[in-house]
Amino acid sequence: MNKNEKTYLLSKADKCAFFEKVFRELQIALVDSDRVAEVRWNEGLWLKKFLPKRFTTLERTAYCFNRYAVVWQSRSNVPVFMAEFDCPFDLFPAENEYDFFLRKTIDNKVFVERYTWQPSQQNYLVTAFPPDVMPAGFDEIQRQPYKPKEFSWCRLFPHKNAEVKSVDNTIFYDFIVNYAQK
């Protein structure tokens, strides 16, 4: 028997609190669906390294790092799913461009949840499967090899004017300036 429940869109306060927590703990700036960057201070310079996507479709882009997960509306800065886990987990795309699977391992049991986008309510319907039960088609999806793209560290070049729109300015002024430990 599967259990269904709804999750609702995230508030701006939820988003800000999650972004701040991730940055303070991991120094990862969640800029948008195409740019999630780890930053660090090194010999007088700020450096950035973009993180690889876990998966991307035309409608959704997912990232997993440490114990955090975020799924974005593709080509935007709008997160549609954010979570923190105390167990091993992974995200997988579903056959529908908007949907995804979440696989968690708890006490040596595998739990799978399917997140199905509900356009009329602008939220996800979550279907939780019993332990060790795999939904139809999931075995094939999880067997597909995951080969993350590796990125190099490079210098961050923020503009002196904070109003100038750029990725480096967003990382520097929205994350480093606001959240970096003094």
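**Close-up 1. A buried salt bridge between Lys48 and Asp168.** In this predicted model, both Lys48 and Asp168 are buried. Their side chains form a salt bridge in which the closest N and O atoms are 2.4 Å apart. Lys48 belongs to strand β4 (residues 45-50) and Asp168 to helix α3, so the pair ties together parts that are 120 residues apart in sequence. In general, side chains of opposite charge can pair when their charged atoms come close.

**Close-up 2. A salt bridge between Arg114 and Asp99.** The side chains of Arg114 and Asp99 meet in a salt bridge, with an N to O distance of 3.1 Å. This pair links distant parts of the chain, 15 residues apart: Arg114 is found in strand β11 (residues 109-118), and Asp99 in the loop between β9 (89-93) and β10 (100-106). Arg114 is buried, as is Asp99.

Close-up 3. A salt bridge joins the side chains of Arg67 and Glu25 at 3.3 Å, N to O. The two residues connect distant parts of the chain, 42 residues apart, with Arg67 in the loop between β6 and β7 and Glu25 in helix α1. Arg67 counts as partly exposed because its relative accessibility is 28%. Salt bridges that share partners join Lys21, Glu25, Arg67 and Glu84 into one network. The count for the model comes to 14 salt bridges.

**Close-up 4. Helix α1 along its length.** Helix α1 comprises 15 residues (residues 12-26). At 1.5 Å a residue, the helix should span 21 Å, and its end C-alpha atoms are 21 Å apart, which agrees. Just after α1, Gln27 takes a positive phi of about 55°.

**Close-up 5. The buried residues of helix α1.** Phe18, Phe19, Val22, Phe23 and Leu26 of α1 are buried. They cover an arc of only 125° around the axis, which puts them on the same side of α1. An α-helix has 3.6 residues a turn, so residues three or four places apart point the same way. The buried residues of α1 pack against several strands, namely β2 (28-32), β3 (35-42), β6 (60-65), β7 (68-73) and β8 (79-84), and against helix α3 (167-179).

Notes. Residues are numbered from 1 along each chain as its sequence is written. This is a predicted model: local features need pLDDT of at least 70, side-chain atom pairs count only at pLDDT 80 or more; totals for chains, interfaces and linings use all residues. Side-chain values use heavy atoms; hydrogens and water are left out. Helices (H or I, at least four residues) and strands (E, at least two) are DSSP runs, numbered from the N terminus. The expected span of a helix is 1.5 Å times one less than its number of residues. Buried means under 20% relative accessible area, exposed over 50%, partly exposed in between (1.4 Å probe, protein chains only). The arc is that of the directions from the helix axis to the C-beta atoms. Contact means heavy atoms within 4.5 Å. A salt bridge is a side-chain nitrogen of Lys or Arg within 4 Å of a carboxyl oxygen of Asp or Glu.
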